[in-house]
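Please open the model in a viewer and keep the sequence at hand.

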Amino acid sequence: METIHGNTQGLKSSQIKQIQRLYHQRLPGDRLTTPEFAQRLAAVSSDIEEPICAYINRRGQVIRVGVGSLRQTQIPPLELPRYGAERLSGIRCIATQMDETTPNNGCLTAMAMQRLDAYVSLALSGGGFERRGGGATGYISKGFLAHLVPHPEATWTVSPPLSLDDLSEQDFLELVEGLEEEFRREYVARQIHPSQDRALIVGLLSDRTATPAFNNTLLELGRLVETAGGEVLQTLHQKRGRAHPQTVVGEGKVQEIALLTQTLGATLVVFDRDLSPAQIRNLEQQIGVRVVDRTEVILDIFAQRAQTRAGKLQVELAQLEYMMPRLVGRGRAMSRLGGGIGTRGPGETKLETERRAIQKRITRLQREVTQLQAHRSRLRQQRQHQDVPTVALVGYTNAGKSTLLNALTNAEVYTADQLFATLDPTSRRLAVTIADTHETLSMVLTDTVGFIHELPASLLDAFRATLEEVTEADSLLHVVDLSHPAWESQIESVTKILSDMPIACGPMLLAFNKVDQVDSETLALAKETYPKAVFISASDRLGLETLRQRLGQLVRFVAA
């Protein structure tokens, strides 16, 4: 179709036909342009008094024509071929401009976002004439050639003013092949793993968020991405009074993200907050790569970490509940046919079919989670009949709960310096001898899933069977990573999550872990603020005997 993109308002039908005839032009494959095509383009542009952009593939075919600047007529990122960071798009743009200045940053940014082979900007002379027998001449005063460069300190280069003859004699194939060879060497030098997501992290600093807390959130999000198997290329942020309803960040920042995505070869953009389905769709259309939010990254980690059937069951339920409202708008194939004559007939569309299938699966999983709750309830009742008190290990993710369980009970739970290294709850029996009475007390320690700041609601609902181990426990052992710079806010986050649970939890003992990795000032502050806490190092087995005694006192207090 000979569609004219950009602003066509006010054009006469004869002018529209002139622009559409540009689609019939064919250029040599080894030349940027020809004098005939350039003068024809400039003549039409002078007639309508607007810049025109013609997009040409490497076969010399005009594939897109638009009225307006390069930025106004650019090809949407999702419609561009995706060759990777080592290739250009295979499309060049020949455009006109109404003045004789060097191409501005807006046009050059649009060139970079589309990874164009080259961008030729033709400055109009303000005059010209039609030759007898067809053709045009005199409409171009000079031109500029711009293209991308694989240089760490520069994204593009722009030539000095060139004559039309110089532009026409430029060997296009030699230019493009040389550039792609340089990009390929740069790409190989990065040693990119094909299965690893290369991510940009984007944060929004609102008026209600303190800067230190915001920085900690971005650092934590970076660790989440790395835990999920991605590589963080760069972190961006914008300060706004409130989030933009359509794209979270402003239009300029979206353009910056899109440019960095192309420049760095990013395959994923991660936002530090939950995104609506419409926001994800708008961002992906403008950036051209997959866009996810913090919740989706956490769900992906949970899907990797779940080992037992119960864990996999709860992860699948959380993922489906997250996915359900985001089905709308996933391309035309998922949209409704609409109502009215000519649109009714073949039954359900793909969207309704997918939605109904997912809803059935959610209902089934919820029923299985309820059965899992009943099963764990029976196990707890058996322990209660045997008069065995239970202590649930709670705390922020990566605080060292699993390491502590291994140190106290010789369990073999998987541990790693990662967020959410262990997901499935593990229970082990611990015997403690009270020093003053020599009384031996037996208890059950249960390692639970780690908490995180603003734990997604879908996870709280799906993991209700696991979290009941916390609410039904006789007492809690709150493990805190004292070596983390935000340990105080982590305590607040865990306390808030516990207070939001439907059932009040039992008495709690605070244990500061990793004391071997902190300085004396931090240790003194923690002891002054929490004088009744226990200070340990689970990996070095420091302070464990004191912890056992305090656990015995806690259990005896609860039993009394």
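**First stop: the cysteines**

Select C107, which counts as buried because its relative accessibility is 9%, where buried means under 20% relative accessible area, exposed over 50% and partly exposed in between, with a 1.4 Å probe and protein chains only. The model is predicted, so local features need pLDDT of at least 70 and side-chain atom pairs count only at pLDDT 80 or more, while totals for chains, interfaces and linings use all residues. Residues are numbered from 1 along each chain as its sequence is written, and side-chain values use heavy atoms, with hydrogens and water left out.

Select C53 next; at 1% relative accessibility, C53 counts as buried. A search of the whole structure finds zero disulfides, a disulfide being a pair of cysteine sulfur atoms within 2.5 Å. For C53, the nearest cysteine sulfur is that of C93, 4.3 Å away. For C107, the nearest cysteine sulfur belongs to C53, at 7.0 Å.

**Second stop: the open sheet**

Now select the strands β11, β10, β12 and β13, which form an open sheet of four strands in that order, with parallel pairing. Helices (H or I, at least four residues) and strands (E, at least two) are DSSP runs, numbered from the N terminus, and two strands pair if DSSP finds at least two bridges between them. β11 and β13 (290-293) each have a single partner strand and stand at the edges, so one side of each is left without a neighbour in the sheet. From one strand to the next, the twist averages 25°.

Zoom in on β10 and β11, whose parallel pairing extends over eight bridges. Here G203 stands opposite H237 in β11.

Select residues 211-227, helix α7, which has 17 residues and spans 24 Å from its first C-alpha to its last, close to the 24 Å expected at 1.5 Å a residue; the expected span is 1.5 Å times one less than the number of residues. Its buried residues include F214, L218, L221 and V225. The buried residues of α7 pack against β10 (198-205), β11 (231-239), β12 (268-271) and α10 (294-305), contact meaning heavy atoms within 4.5 Å. Just after α7, G229 takes a positive phi of about 105°.

Finally, select α8 (residues 251-264), which lies across β10, β11 and β12 and runs at about 165° to β11. Helix α9 (residues 277-287) lies across β12 and β13, at about 145° to β13. Axes are lines fitted to C-alpha atoms, for helices over the stretch in contact, and angles run from 0 to 180 degrees between N-to-C directions.
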